[in-house]
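My entries follow the order in which I looked things up.

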Amino acid sequence: MSKYLTERLGTLEAYVPGEQPQDKKYVKLNTNECPFPPSPFASRLARQAAAGLNLYCDPECRTLTEVAADAFGVRADQMIFTNGSDEVLDFAFIAFCGEGAPAVFPDITYGFYPVFAKKDGVPYREIPLTADYRVRVSDYIGAKGTIFLANPNAPTGVALTRTEIEEIVKGNPDNVVVVDEAYVDFGGESALPLIDRYDNLLVTRTFSKSYSFAGGRLGIGFACPALISDLKKVKYSTNPYNVNSMTAAAGVGALLDKEYFESNIAAIRGNRASLTASLEALGFDVLPSSANFVFAKCSDISGEILYKKLKEKGVLVRYFDKERIRAFVRITVGTAEEIEALISAINEIKEGK
Ligand code: PMP
């Protein structure tokens, strides 16, 4: 750290993304990526767009906007495109929170929320999940702050229904409710249909998971036109060219290749069921997941030990050194072969090998 860094950033602990080790080839079940490559059509459009990289990209992503409006059943003025959904989440902290305008989120949720808050000088309050790791809706009525809810939640995978989200949105008419739907395509109920009726709802989505596009960095915010224009004010004051031409083109391809999307989602849901069954057969408690990962704990081995031993055996999962969840590991739902490799590694660990 240099002596020039501001005090706020000096004391900030930056977000630690999941490991992307390069030392050897791992069975990589630690960052909730999709194990399947992006749609070949999306890749083709990205390659074509590469030929025009001498020109700036379209800051309004007009072609993508048109295709997305059709795909999601919304209007162009109800969307903003960003560099991954992390960016639209950060824009929301910048636009709707600040000194005297706190943020509110669960104690166990996406680890980037408190980092955004601290970076942006936003005070925040964490509301504990229930003992069974659920969001209790009544805790969020009149919450006196901008609410951030991942739904399905991460790292638990547990989801609220649309009706429950609506209760929270209705119960906070003077604050924005941000519903982070990074994992919704794997089985959650989206709040997207509510944006026509509530002017305080922002729904965020990502292409990183269900569209196999984590490396491409594409996110979307959906809300009423007034909220979108607030977010665009932040975007145009930060980086109008936040979505590059290749990514915007690939986004078009990903949305148009519906068959590819549906078959990948079906595969992941099937693999989630078999992963859950195999873990339960090995004595794990697995929280009910609506996402492309499961959060599981085993009574005879701590999350940290399991994570370390699996890593030694070439299987990466995610462990969080955090109160209430130290017993757990988060495991991304991979291919059938990856799940087999994980389960046989766990078997070996249990047998003391
Ligand atoms: N929300 C949640 C709950 C996540 O787990 C992630 C992925 N780390 C994101 C948002 C952001 O994903 P991306 O920036 O790749 O869209």
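**Domain interface**

I began with the area buried between domain 1 and domain 2, which is about 2800 Å², with carbon and sulfur atoms giving 63% of it. I then asked which residues of domain 1 lose the most area to domain 2. They are Tyr15, Phe261 and Arg324, and together they account for 25% of what that side buries. I note that the model is a predicted one.

I looked up the bounds next. The domain assignment places 7–37 + 259–350 in domain 1 and 40–257 in domain 2. For the separation, I found the C-alpha centres of domain 1 and domain 2 to be 24 Å apart. I also checked the contacts: 34 residues of domain 1 touch 37 residues of domain 2.

**Salt bridge**

How many salt bridges does the rule find across the interface of domain 1 and domain 2? I recorded one. Separately, I looked up the side chain of Arg324 and found that it meets the side chain of Asp107 in a salt bridge, at 2.9 Å from N to O.

**Surface patch**

Met1, Leu5 and Leu9 make a nonpolar patch of about 340 Å². I located Leu5 in the segment before helix 1 (7–10). Why can Leu5 count towards such a patch? Its relative accessible area is 38%, so Leu5 is partly exposed and passes the patch requirement of over 30%.

Conventions. Residues numbered from 1 in each chain as written. Predicted model: local features only at pLDDT ≥ 70, side-chain atom pairs only at ≥ 80, totals over all residues. Heavy atoms only, no water. Patch = residues over 30% accessible without salt bridge, like charges linked within 9 Å, V, L, I, M, F, W, Y side chains within 5 Å. Areas by Shrake-Rupley, 256 points an atom, 1.4 Å probe, with all protein chains shown as cover. Salt bridge = Lys/Arg side-chain N within 4 Å of Asp/Glu carboxyl O. Helix = DSSP H or I, 4+ residues; strand = E, 2+ residues; numbered from the N terminus. Buried < 20%, exposed > 50% of the residue type's maximum accessible area, 1.4 Å probe, protein only. Domains from an automatic or database assignment. Contact = heavy atoms within 4.5 Å. Buried area = accessible area lost by both parts, 1.4 Å probe.
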